[in-house]
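The tour below goes from one selection to the next.

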Amino acid sequence: MSSFTTDIETKLIHASTNGKVERKTGAVNVPIYLSSTFHQDSFEEFGPYDYSRSGNPTRQALEDTIAELESGARGLAFSSGMAAISTAFMLLSAGDHVLVSEDVYGGTFRFVTQVLTKLNIDHTFVNMTDLQAITDAVQPNTKVIYIETPSNPCLNITDIEGVVRIAKENNCLTFLDNTFMTPLYQRPIENGVDLVLHSATKFLSGHSDIIAGLAVAKDEELGEKLAFLQNAFGSILGVQDCFTLIQGIKTLSPRLKQSSDAALQIAYYLHDHELIEKVYYPGLRYHPGHDIHNKQASGSGAVLSFRLPNKETAKAFVDNVKIPVFAVSLGGVESILSYPTTMSHAAMPSKERELRGITDGLLRLSVGLEHVNDLISDFDQALKIASQKVNIVSSAN
Ligand SMILES: *Cc1c(COP(=O)(O)O)cnc(C)c1O
């Protein structure tokens, strides 16, 4: 299949079966191999699988799928995005140093600041939108530059090829969390990144049902090192969740495209609303890094953030909006509204949060598959109520 399939939309459908139906039965889906162990034919010769922590055919179908979608050499499926990310960091050794996006995902921030430090692996947070700042922060023991682009929740854009260039000049690896874009819109390995990471809990599975993580290594050697760590830690994805994720990946393109189209309309609507102080969305022409993003990604994604004047107005909006669920997470078929201050970024001290623009009025929206007109009408009525809150607050003062 891969020899004549070029478009990712076709790969999304057929990569898991490698373009073929299952040989024994003609099943069009990858079977769920619920087997912890595998019989070996002879004393001397072992088959391709021995024990499911080390390898399982259903998991392998998923791992091969994500490797093909990301143009990498080796894919690995983990029990969560954080399992993939933390295992990737275990490629480092005591005494090493990492550069990390300053607005990195809260769980990654927690791992870097509270776990890596115990292992004597040091870090510096840098503004990854500033290539000079990255160059200046590199130390002799820097081994990895860790990027998230667009970042969470302010959608800051990092120039992937610019960072790869700095990494190569300094003998570092580059890791990139591609959760927001997915390989449909952004394939960082094609820009020279060494390791791509995913919370597959989000857009890849797409239905707010499973927790899953994926990693893709650019080359076999790095893939082999990571596979060793995956087996050593044992934080593999269970086969039933592997199956669910394979099915989710098949519908990624129509889901993400519809949600992204709606996100752009909502971003313009919010931008024009007088109560909204700021909208963060890479698809907006004036968004910082818009041109860099368009150079390295083919879509703007379905996540945007917007700032209300304060906590009271943000709360009034959340209390009165009817369609989105109010929850952590993103990337589901339902729109998900979240409050980064106490949700995704609760692990970050308030001073660090404010520095990153995560103010008390900031809300993040992951646009689902509801009709965009319904979402905008819903926001409109909730913002009217939130506006009255501002007036009450100011007249009380
Ligand atoms: C959710 C998320 C993670 C963590 O993934 P889990 O599957 O929740 O462990 C990492 N990075 C980003 C950008 C995320 O949104």
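Start with helices α3 and α4, which cross in a right-handed way; a crossing is right-handed if the near helix is turned clockwise from the far one by less than a right angle, and left-handed if anticlockwise. This is a predicted model, in which local features need pLDDT of at least 70, side-chain atom pairs count only at pLDDT 80 or more, and totals for chains, interfaces and linings use all residues. Residues are numbered from 1 along each chain as its sequence is written, and side-chain values use heavy atoms, with hydrogens and water left out.

**Stop 1: two helices**

Select residues 81-89 for α3 and 106-114 for α4; their axes come within 10 Å and cross at roughly 30°. Helices here are DSSP runs (H or I, at least four residues), strands are runs of E (at least two), and both are numbered from the N terminus. Axes are lines fitted to C-alpha atoms, for helices over the stretch in contact, and angles run from 0 to 180 degrees between N-to-C directions. Now show side chains: M82, I85, S86 and F89 of α3 meet G107, T108, F111 and V112 of α4, where contact means heavy atoms within 4.5 Å. Five of the residues in this contact are nonpolar, three are polar and none is charged. Nonpolar covers Ala, Val, Leu, Ile, Met, Phe, Trp, Tyr, Cys and Pro; charged covers Asp, Glu, Lys and Arg; the others, Gly among them, are polar.

**Stop 2: a salt bridge**

Which side chain does R74 meet in a salt bridge? Select E224: the N to O distance is 3.1 Å. A salt bridge is a side-chain nitrogen of Lys or Arg within 4 Å of a carboxyl oxygen of Asp or Glu. R74 sits in strand β1 and E224 in helix α8, 150 residues apart. The structure holds 11 salt bridges.

**Stop 3: the second largest pocket**

On a 1 Å grid over the protein atoms alone, a pocket is an open set of points with protein on both sides within 12 Å along at least five of seven lines, a cavity is a set where a 1.4 Å probe fits but cannot get out, and lining residues have an atom within 4 Å of a point. The lining has seven nonpolar, eight polar and eight charged residues.

**Stop 4: the largest cavity**

Finish with F203, G206, R255, L256, S259, G331, G332, V333, V367 and L369, which line the largest cavity. Five of these residues are nonpolar, four polar and one charged.
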